[in-house]
Amino acid sequence: MTTSAQTVIAPVRAGTAADSVTARRKQGFQHGGWFVAPFLVLFALFVIWPLLRGVWLSFTDANISGDSASFVGLDNYREALQDPLVWDTLGHSAYFTLLVVPCITVLAFLLAMLAHHIERGKWLWRLCFFAPFLLPSTVAANLWQWLFNPGTGMINYVFGIETPWLTDKSYAMLAVVICTLWWTVGFSFLLYLAALQGIPGHLYEAAKLDGANAWHRMVHITLPMLRNITGLVIALQILASLQVFDQAVVMMDFLPGPEGSTRTFVQYTLEEGFTSYRVGYASAISVIFFVIIAAVALARMWLLRNREESAR
Amino acid sequence: MSTAAQPRKPWTPSQIVLTLLGTAVSAAFLAPFAWALFTSLKSETEAVQVPPHWLPEDWTGQAWKALFETGNITNWFVNSVVVSVCVTSVVLLVSALAGYGFARTEFRGKSALMGLVMAGLMISPAVLGVPLFTTVQQMGMVDTYWGMILPQCAPAAMVYILYKFFQGIPRELEEAAFIDGAGRWRVFFTIVLPLSRPSLAAVGIFTFIASWNNFLWPYMVTNNPDLMTMPNGIATVMNSYGIQWAQLMAGGLMAGLPLIIVFVFFQRQIVAGVAHTGLAGQ
């Protein structure tokens, strides 16, 4: 508003004044390098440099002390492709992701619908469903390790079962998944809740007038209006779940779990780097992991762009 | 929004059913907390009795007392506070500046740098832990506060969120101030920042939660038990010499309760903050 008024009035006053005003207005937005400089320094030191360094190390046989690294070409990558543990641990992380993502999406949606539709005590439901997310991952993991503990644990006692949750390879990852659902569903729940509150009420009123029942309103209004947020929840969950580490190691006392069944990909890279001191090899499998994560992120961007274009 | 303004509605059958359902689900969500609390109030021998029972037969503060007397839990607590407060302050300052720089100013190579920041969204200590560690090791920052704090201070995500937000502020306000002769920095600190308080609060809250709860990076970069943060100390030191469950649960509650208490008081801001930071990724 101000700008158009200024430019209209200015020529009446004096040509030079108008020029200097526009110049000053523009100058305010020039040469902003100093604004981004502090961030860029930190970003370069702790994100970009480690990435470049990781790529470089992946072509060497570097050990943890960093000296006497020699160039070995593609040897690390060749070894990684034939390393059964790379495929196993990648499989464990993928299995975890496949279990967690659909469960968390559905559960978060149901909890949000519940909290949204109960008219009393909204803050209380929000607090109950979100509180676990505020715990550190290690505390959540210790808590569930204790709940799943054979003999002294509450889970088996309450449900009257004797499942060897933490010691049998067919249940161990499931135990990690259950802990993760309890611990992290609150975040997606809040996203859904915010999205539900953002749906304009007149849509429902109009549908009611047309005689739509509760089920129809959910299928034809709520779900379509939540499409974007569902895409976001799924994308964030896939990226986070592939990087699972904390819960799995803490629940298994920093071991790979029964028959290595909860050893995740992140855990394997850290074992190679810090236990076997093979920094070069660990870097190579980290770079492979980075490519996988980046591919997922790029796939989401591509899907979003396609949808935007088809919407136009 | 609309529900708050309306008068209280009567208990309809569907509201009764929903409320009962909500209560049951909430009880299931809170049961693990209750189990932790009751365990921490048992003696170590009673805690491991088979079969387990909910309430302690002998209520005792033994585990809590032992926690403070024998362990370094107070050290860990202080370290957690120092690290989270430093990380949050630096992140707020640095990412607000950078977000504004990218949203509003022109400089050479801006779009290339923005692309780099977007790429940074895909990089985390979980993905690049080993090379990040060797970098920090080369800088001589292993087992120091610096080593724990600085690598957490370059979150591309927060810059991106604030960038999106600053883009949404109408330019006219700043332009008017420039015409009145205000400098760029004055405009930023006296006009732009006060306008962005809700977004800054969101970023600050989210960064604090993430940093307080961060395990992976402090775990990689510290070996000295005196320097550990709460999540790290509890998971490594307390888990290492034969788990004492009552003490472990007491420690866990001590690590988790501060944020939960803060949440009860600042619920609205935190909910808005989490929703805001999450939704910005849309």
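This is a predicted model: local features need pLDDT of at least 70, side-chain atom pairs count only at pLDDT 80 or more; totals for chains, interfaces and linings use all residues.
**Entry 1: chain A, first look**

I began with burial: 41% of the 312 residues of chain A count as buried. Buried here means that 20 or more other C-beta atoms lie within 10 Å of a residue's own, exposed means 12 or fewer, partly exposed is in between, and the C-beta atoms are placed from the backbone. Residues are numbered from 1 along each chain as its sequence is written, and chains are lettered from A and ligands numbered from 1 in the order in which they are written.

Next I looked up the secondary structure of chain A and got 15 helices and 0 strands. Helices (H or I, at least four residues) and strands (E, at least two) are DSSP runs, numbered from the N terminus. For contacts in chain A with a separation of 6 or more, 69% are between residues 24 or more positions apart. Two residues are in contact if their C-beta atoms, placed from the backbone, lie within 7 Å.

**Entry 2: what UniProt says about chain A**

I checked the record, an unreviewed entry, and UniProt gives "transmembrane region" at residues 34-52, 94-115, 127-147, 171-194, 225-245 and 279-303 of chain A. Its positions are in the numbering used here, feature names are shortened, and annotations may be inferred rather than shown by experiment. I picked two of these spans. Residues 34-52 of chain A are 100% helix, with end C-alpha atoms 25 Å apart. Residues 279-303 of chain A are also 100% helix, and their end C-alpha atoms lie 36 Å apart.

The unreviewed UniProt entry also puts "domain: ABC transmembrane type-1" on residues 90-300 of chain A. That span is 76% helix and 0% strand, and its end C-alpha atoms are 20 Å apart.

**Entry 3: two domains**

I found chain A split into domain 1 (2-77) and domain 2 (78-311); these bounds come from an automatic or database domain assignment. Where they touch, 14 residues of domain 1 of chain A are in contact with 13 residues of domain 2 of chain A. On the domain 1 side, helix 3 (33-57) and helix 4 (75-82) of chain A each supply at least two residues.

**Entry 4: the core**

Which residues have the most contacts inside the largest nonpolar core? I got Phe39(A), Phe189(A), Tyr192(A) and Met251(A), in a core of 159 residues. Such a core is a set of buried Ala, Val, Leu, Ile, Met, Phe, Trp, Tyr and Cys residues joined through C-beta atoms within 7 Å. Helix 9 (residues 169-197) of chain A gives the most to this core, with 16 residues. Both domain 1 and domain 2 of chain A put at least three residues each into this core.

I zoomed in on Tyr192(A): leaving aside neighbours within four places in sequence, Tyr192(A) is in contact with Ala108(A), Phe109(A), Ala112(A), Leu226(A) and Ile229(A).

Chain B comes to 16 helices and 0 strands, and 45% of its 282 residues count as buried. Its C-alpha atoms fill a box of roughly 75 × 65 × 30 Å along the principal axes.

Last, I looked at where the chains meet: the contact takes 90 residues from chain B and 86 residues from chain A. Helix 2 (residues 13-40) of chain B gives the most to the chain B side, with 13 residues.
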